[in-house]
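Dear colleague,

I am passing on a structure that I would like you to look through. The model is shown just below, and my notes come after it.

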Amino acid sequence: MNKRVLVTGGSGYIGSHTCVELSQAGYEPVIVDNLSNSEKTAVEGIEKIIGKKVEFIQADCCDTEVMDQIFSKYDFDSIIHFAAFKAVGESVSKPLDYYRNNIGSLINLLGLMRKHNVKNIVFSSSCTVYGQADKLPVTEQTPRKEATSPYGNTKQMCEDILRNCANAYPEINVIALRYFNPIGAHPSALIGELPRGVPNNLIPFVTQTAAGIRPMLSIFGDDYNTPDGSCIRDYIDVTDLAKAHVCAVNRMVEGRSKANYEIFNVGTGRGVSTLEIVRTFEDVNNLKLNYKITGRREGDIEAVWADTTYANNELGWKAEKSLDETLRSAWRWQQYLDSKK
Ligand code: UD1
């Protein structure tokens, strides 16, 4: 059987970790990435970990002609589609860029899947589709709330496009994975998150503050209706998350899907507050973080965490890494980056 998997955005944060897991599970990842928010060094990191070369093509998934040639050349069995813009704030000021890139690339890929008879696609969705849910934890049946940013809207729209296509084209199989908050890095510290400029996300800001690159971490609000007043998220180790993609591809390749459009929550099932993250990071890495409480960040939701029963039972996947281990890996990765400067 052909084990070739197209991984769009494969040199990005989640994509690179997934390529490692795919390769170790016997698949052959082929990375297509335009390097708009990632570095070629990630591919070298993947190759060091798996001990062999990985096919990398610098191309834009919105470019139909180039992608058509890539589909002709490689004869993929499955696709994992990571490539997308992901900054919530930026999406508010550049909505057209987000719609063009995130929606355009998916439509392009779906058209090419039909043309080249590629059957399986895993899509990177997000818990952002739930917004502030009325009931926690969220299950896959929890109703989606109206998106609060163009970024969130692209995730909802892409899910809808996939659902409609699965309905119209019974030969294709779709699995949408709704990621919670991916953090940490590969235990080898050879790949990890590579934020450009000032990080938007919590963990890179935490590690850069610990490294002295940022003077102070701001905790966005301690007046939420949560036990310690800071927001609650479901922080999932990026290697655990990567493994969920292998389970999703296996499920489709082995014909175990219950329907040709399926959704799974990919989280730990545990809600952790921002302040708990800071304290745990300090404890496990034996250091002190410079931080202050500031006002709330616009658009932040108070709390969300996953009910992972469905993913555990149906996908046969479960988050395994402890938060301690994950926060240690995040710090190791920051130290590795600093050592390369
Ligand atoms: C959000 C989306 C997620 C999306 C991601 C992309 C939700 C629930 N999640 O994640 O789907 O993929 O953006 O970037 O909509 N924080 C601080 N100080 C900081 C940075 C963050 O206190 O400097 C806090 C935030 O208020 C939040 C938590 O840390 O409570 C996590 O923030 P972040 O890492 O940015 O992720 P989300 O906003 O949860």
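This is a predicted model: local features need pLDDT of at least 70, side-chain atom pairs count only at pLDDT 80 or more; totals for chains, interfaces and linings use all residues.

Residues are numbered from 1 along each chain as its sequence is written, and side-chain values use heavy atoms, with hydrogens and water left out.

The ligand is surrounded by 22 residues, of which the closest are Ser 126, Leu 202, Ser 218, Arg 233 and Asp 300; a residue is taken as near if one of its heavy atoms lies within 4 Å. This shell divides into 11 nonpolar, seven polar and four charged residues, where Ala, Val, Leu, Ile, Met, Phe, Trp, Tyr, Cys and Pro count as nonpolar, Asp, Glu, Lys and Arg as charged, and the others, Gly among them, as polar. Strand β8 (residues 217-220) contributes the most to the shell, with four residues; strands (E, at least two residues) and helices (H or I, at least four) are DSSP runs, numbered from the N terminus.

A backbone N or O atom of Leu 202 lies 2.8 Å from a ligand oxygen, a side-chain N or O atom of Thr 128 is 3.2 Å from a ligand oxygen, and a polar backbone atom of Asn 200 is 3.5 Å from a ligand oxygen. The protein covers 89% of the 740 Å² of accessible area that the ligand has on its own, as computed by the Shrake-Rupley method with a 1.4 Å probe.

Helix α5 (residues 95-116) has 22 residues and reaches 31 Å from its first C-alpha to its last, close to the 32 Å expected at 1.5 Å a residue, the expected span being 1.5 Å times one less than the number of residues. Its buried residues (under 20% relative accessible area, with exposed meaning over 50% and partly exposed in between; 1.4 Å probe, protein chains only) include Tyr 98, Leu 109 and His 116.

α5 is followed by Asn 117, whose phi is positive, near 60°; Asn 117 is exposed, with a relative accessible area of 51%. Leu 35 also has a phi near 60°, but Leu 35 counts as buried, at 18% relative accessibility. Finally, a cis peptide bond joins Leu 136 and Pro 137, with omega about -5°, and Pro 137 is found in the loop between β5 and α6.

With best regards

Definitions and conventions. A polar contact is a pair of N or O atoms within 3.5 Å; within protein, one must be able to donate a hydrogen and the other to accept it, and residues adjacent in sequence count only if both atoms are side-chain atoms.
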